Amino acid sequence: MPSNSNISEEEAKKIQEEKEKLLNEIKNNFTTPDTSDSNAESSNIETNTNTSPDVVNSINVDTADSDDPISNKTDALPNTSDMMDSMDDLEDMDNSIPKKRSTTMPKYGKGFKFVPIVSGFTVLCLILGHIKPFNIGVSHFAPLRYTYIGLGILSAVFGLFIFVEAISSADILTNAQMGKLVTTGIYSKTRNPMYAGVIFMCTGALFCSGNIYMYLFPLIYWWLLGVMMKNTEEPMLLKNFGDEYKEYYNNTNRFVPVKKR
C-alpha cells in the first residue's frame, strides 16, 4: 500500500485490520468447490483456471444448513430397527388371527362308495332268499316270521329317518363344502348318520325277507363299514380338524345314534 503522509501509522494499521476482517468474512460466506473431490465431480462442474481470485462462487453449498430439504427428508426417515420391530408386531398379530380353513371337505366321503355296493347286495339277497336252494332259511313259523318282519320295518324306518335328518336338518353336504365340522343335531349322537341310516335300512330289508341266513349279512355290513371309516375318513377328519375332531370322536359313537356319557 502506498504511503501517505496525511495518514498516521495507527490509522493505517486499523485500515489493514478492517480489510483482513472483510476478506475473512468473504471467505466464510463464499467458498470455492472442494478440489479434493474433483475426480468425482469433474463431469458436473468445470473449473475455470483463468478466473480472477476476486471472483467467488455465489452458490451456498453448506450441507449442514437446516433448510436443506434433502437433509430434512433424510432425518425424517424411520429407524431401521423400528421398522423391523413394527413388521414383527404385524406378523405376531397376523399369527394371532385364526385362519379360515380354505380346504373344503369332499361332499361324499370314501365310505359313500360302500353305499351302492351294500344296497345292491341287499336287493340280490332279497331275491335269492326266496328262490331254491337259498329259501331253506325261510321260517314257516308265523309268529316268528312276523316278528322278524316287524323288526325289519322298524329298522328300515329308523334308518330312513336318521339318513334324511343328516341331509336336511344338518345340511351336511353344504357344510362339508364349506370345510365345517358338523357336531349338532343328529351328528351330536352319531358321527356317521348317513352311513348308519343306509345300513339300518338294509338290515331292516333283510329281516323282512324272513330268511334266517340273511341275518348274518348286516353284521358283515357293520364290520366292513367300521373298518373303512377307521382307515379312511376318520384319519382325514383328524388331520383337517385336529383337536376339535378328537374331542368330537371321544364323545360321539361311530354309528349307533346314542350319546356317550
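Select Gly111, Phe114, Val115, Val118, Tyr195, Val198, Ile199 and Leu225, which together line the second largest cavity. A cavity is a set of points on a 1 Å grid over the protein atoms alone where a 1.4 Å probe fits but cannot get out, and its lining residues have an atom within 4 Å of a point. Helix 5 (114-128) and helix 8 (193-208) are the elements that give two or more residues to this lining, helices being DSSP runs (H or I, at least four residues) numbered from the N terminus.

This is a predicted model, in which local features need pLDDT of at least 70 and side-chain atom pairs count only at pLDDT 80 or more, while totals for chains, interfaces and linings use all residues. Residues are numbered from 1 along each chain as its sequence is written, and side-chain values use heavy atoms, with hydrogens and water left out.

While the lining is still selected, colour it by class: seven of its residues are nonpolar, one is polar and none is charged, where Tyr counts as nonpolar and Gly as polar. The space inside is about 40 Å³, a volume being the space filled by probe spheres set on the grid points. A search of the whole structure finds two cavities of 30 Å³ or more.

Next, move to the surface and select Ile220, Trp223, Leu224 and Val227, a nonpolar patch with about 370 Å² of accessible area together. Members of such a patch have over 30% relative accessible area and no salt bridge, and their nonpolar side chains are joined within 5 Å. Leu224, which sits in helix 9 (residues 217-231), has 34% relative accessibility and therefore counts as partly exposed, the class between buried (under 20%) and exposed (over 50%).

For the last stop, select Glu234 together with Arg191, whose closest N and O atoms are 2.9 Å apart in a salt bridge, that is, a side-chain nitrogen of Lys or Arg within 4 Å of a carboxyl oxygen of Asp or Glu. Because Arg191 lies in the loop between helix 7 (172-177) and helix 8 and Glu234 in helix 10 (residues 233-241), the pair ties together parts that are 43 residues apart in sequence. Arg191 is buried, at 9% relative accessible area, and Glu234 is buried as well, at 7%.

Definitions and conventions. 1 Å grid on protein atoms, 1.4 Å probe; cavity = no way out; pocket = protein on both sides within 12 Å on 5 of 7 lines; lining within 4 Å. Patch = residues over 30% accessible without salt bridge, like charges linked within 9 Å, V, L, I, M, F, W, Y side chains within 5 Å. Areas by Shrake-Rupley, 256 points an atom, 1.4 Å probe, with all protein chains shown as cover. Buried < 20%, exposed > 50% of the residue type's maximum accessible area, 1.4 Å probe, protein only.
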